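Here is a short note to read beside the model. Keep the sequence and the 3D view open as you go through the points.

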Amino acid sequence: MGNVINFLGNEHNVDDWTDNQKKMLDQITDLEAQMKTFEMQLEQRQVAHSAYVQALMNSLQEEVEEEAEEEEVANG
């Protein structure tokens with residue numbers, strides 16, 4: 001039967017398509033791959049962002065605790 005795909009709920013034999021239709025399918029396929037890559041990159045950046053936010057929060061909390069300890073020592 002040839003190179004059959006399902007597009008929008010209909011089966012199509014790509015071998016019967018025009019060159020222009022095949023190019024559009026190639027563009028769609030490439031764009032879908034790029035979108036998947038972008039989604040993965042976004043997820044990686046979200047995780048990294050969260051890690052840096054948490055690291056900064058921890059660092060600031062440590063400073064507050066150190067200052068409190070220094071005040072305790074100074075006040076006896």
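1. Is Asn-10 buried, partly exposed or exposed? Asn-10 is partly exposed, because its relative accessible area is 45%. The areas themselves come from the Shrake-Rupley method with a 1.4 Å probe, and for residues only the protein chains shown count as cover.

2. Some ground rules. This is a predicted model, where local features need pLDDT of at least 70 and side-chain atom pairs count only at pLDDT 80 or more, while totals for chains, interfaces and linings use all residues. Residues are numbered from 1 along each chain as its sequence is written, and side-chain values use heavy atoms, with hydrogens and water left out.

3. Look at the strands next. Strand 1 (residues 4-7) and strand 2 (residues 10-13) run antiparallel, joined by four bridges. Strands here are DSSP runs of E with at least two residues, and helices are runs of H or I with at least four, numbered from the N terminus. Two strands pair if DSSP finds at least two bridges between them. Val-4 has Asn-13 as its bridge partner. Phe-7 is partnered by Asn-10, which belongs to strand 2.

4. Now the turn of the hairpin. Two residues sit between the strands. Leu-8 lies in this loop. Its phi is positive, about 55 degrees, although Leu-8 is not a glycine. Most residues other than glycine have a negative phi. Leu-8 counts as exposed because its relative accessibility is 73%.

5. A nonpolar patch deserves a look. Phe-7, Leu-8 and Ile-28 make a nonpolar surface patch of about 290 Å². Patch residues have over 30% relative accessible area and no salt bridge; like charges are joined within 9 Å, and nonpolar side chains (Val, Leu, Ile, Met, Phe, Trp, Tyr) within 5 Å. A salt bridge is a side-chain nitrogen of Lys or Arg within 4 Å of a carboxyl oxygen of Asp or Glu. Phe-7 lies in strand 1. Phe-7 is partly exposed, because its relative accessible area is 34%.

6. Helix 1 spans residues 19-75 and includes Glu-70. Glu-70 counts as exposed, because its relative accessibility is 55%. Glu-70 also belongs to a negative surface patch, with Glu-62, Glu-63 and Glu-65 among the other members. Asp and Glu count as negative, Lys and Arg as positive; His and the chain ends are not counted. The place of a Glu charge is taken as CD.

7. Finally, check a distance. Lys-22 is in helix 1. Lys-22 and Ala-74 are 52 residues apart in sequence and 78 Å apart in space, C-alpha to C-alpha.

Methods
Buried means under 20% relative accessible area, exposed over 50%, partly exposed in between (1.4 Å probe, protein chains only).
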